[in-house]
Amino acid sequence: MRLLFVVYAAVQITSAVTGSLANECRGLSTEVPCQCDDKGRCKKGTVEVQPWLQFALKTQRELQINFRVDQMQVFDAHNAFNNRAYGLAYGANDTCQWPPPYDNVCIGIANHEFSIVDMLNMGIRSVELDIWWCFDAMRVAHLGTRFALGCGEFNVPLADVIADIGDWLDQAENEDEFVRIYFNEGYDQGHDADVNGPLERYLGRDRILSPADLRGTYGGVWPTLRRMREDGKRVVVVADGDNVHQGKYLHTTRYQGFHADEFTNYPQCGGKNDTNRLRFYGDSTHYGFNIIYDGPSVAGVTTDLSEMVKCRITYPAMDMVTPQLMATAVFTWAPGEPSLDLDETTCVLLNNEDSRWYTPLDCGQSLSYACQSASNPEDWTISKTTGSYDVTTDLCPIGYKFSVPHNGYRQQKLIEATRGASVWLNFSPWLTGRFPTTITPSTTKASTEGLQASGALIAIATLLSAVLAKSFASFV
């Protein structure tokens, strides 16, 4: 505990040293267009995300609309609450530079650079919140009551975090979106009204799929995303343990959790199969010295999502979520695509050169059709006959249908079946209902005027942190 005090004191010194950098972006905040605060971190809700990226990830969520929500791939922010946008208690003056390996004497309290609202805008749909009762409120706090400095009056109330999520869901552009909230509490601390109350007040009891709904309306079987949307259910809240906080809104988690460094690429896929639910999470935190704690060496980190997407890992749980990281999760549209307005007549092809989707001007070119087995959705082939794009003509062999891959794993199986050829995809059915149309998205990376923090000042702060730690070492 004394050592944690040393780390915390060092952070305060870092704050004083870097105070002159007011409103200049630094660290990861220099890599995105945003408005920075006096600590050099992006203010909540100001990170600009490319329309192309938002639409590509929206497409990938919509393609899973007929999946049960417990079998969907949902991008997860590990310890989402522990982000620098919430201030000093959450690492606003960290000195570790992403990505690791770190300098041993740096301080990395935060799991994330950007706010939960910004991560939702980037495509995150599952957020992990560590919640602890302290100073007469339920708050979001890393380490919680296990350490003296884990939770205090400087920690953000849980109600404020839930209010942010509720406000995001209320935005017109998010009217069909789904969010999963994972409460990592360690044990049921009681104070049920301080947990259930904010959920009701800011998310709305009718929007939450409760355990009673699951038992009664859905017979104990998780509904599809389509059914949830039809019923107005847009939020699922899960926690460790049974009947947590009276079991009013919190379901029991049912997945296997592993460290990010335990994941194995396709085709091993970390043990993922058609039915199990896996979560692989990394840890970016680093407390002064490796002998205290270094998350990357303990759990690993995820800096590329392409293999987890290819393996349809249920919950890829990341630290330091950025638009650049989320772009590695795209298996559908190529950057700048769709380049044409989408309607029922738009043709879409899977390009053999980069395995991405395009909307070509020439729908009359002769290509094979992507064909999915009617009995096994993971089984793909291509038509032997080639032809122009026409959704009314099915060139697929008996037992197969002209289709589109619904997740990264099915796309990989299709790629293997194409044997290096470009093929037509039947995306047209996904343009019906409430799936949005789009215009050509911008792919120009806007520049940010914020400058990275001075290396000299960071070096001074790091040196002071080291001196403090050494001077107190005899007390540990």
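**Backbone features and a helix pair in a predicted model**

Asparagine 243 lies in the loop between strand S6 (235-239) and strand S7 (250-252); helices (H or I, at least four residues) and strands (E, at least two) are DSSP runs, numbered from the N terminus. The model is predicted, so local features need pLDDT of at least 70 and side-chain atom pairs count only at pLDDT 80 or more, while totals for chains, interfaces and linings use all residues. Residues are numbered from 1 along each chain as its sequence is written, and side-chain values use heavy atoms, with hydrogens and water left out.

Asparagine 243 has a phi near 55 degrees, a positive value in a residue other than glycine. With a relative accessible area of 57%, asparagine 243 is exposed (buried means under 20% relative accessible area, exposed over 50%, partly exposed in between, with a 1.4 Å probe and protein chains only). A positive phi, near 50 degrees, is also found at methionine 320, in the loop between strand S11 (315-318) and H10. Methionine 320 counts as buried, at 3% relative accessibility.

Two cis peptide bonds come next. One runs from tyrosine 266 to proline 267, with omega near 10 degrees, and proline 267 sits in the loop between strand S8 (256-259) and strand S9 (278-281). Another joins glutamate 337 to proline 338, with omega near -5 degrees; proline 338 belongs to the loop between helix H10 (323-327) and strand S12 (348-350).

Turning to the helices, H4 (residues 158-170) packs with H5 (residues 193-203) at an angle of about 25 degrees, and their axes are 8 Å apart. Axes here are lines fitted to C-alpha atoms, for helices over the stretch in contact, and angles run from 0 to 180 degrees between N-to-C directions. The angle makes H4 roughly parallel to H5, a term for angles under 35 degrees. In H4, the residues that meet H5 include Leu158, Ile162 and Leu169, and their counterparts in H5 include Val195, Leu199 and Tyr202 (contact means heavy atoms within 4.5 Å). The residues of this contact divide into eleven nonpolar, one polar and two charged; Ala, Val, Leu, Ile, Met, Phe, Trp, Tyr, Cys and Pro count as nonpolar, Asp, Glu, Lys and Arg as charged, and the others, Gly among them, as polar.

For the protein as a whole, there are twelve helices and 17 strands. Of its 476 residues, 57% count as buried. Residues 24 or more positions apart account for 70% of the contacts with a separation of 6 or more.

Terms used: Angles under 35 degrees count as roughly parallel, over 145 as roughly antiparallel, 65 to 115 as roughly perpendicular and the rest as oblique.
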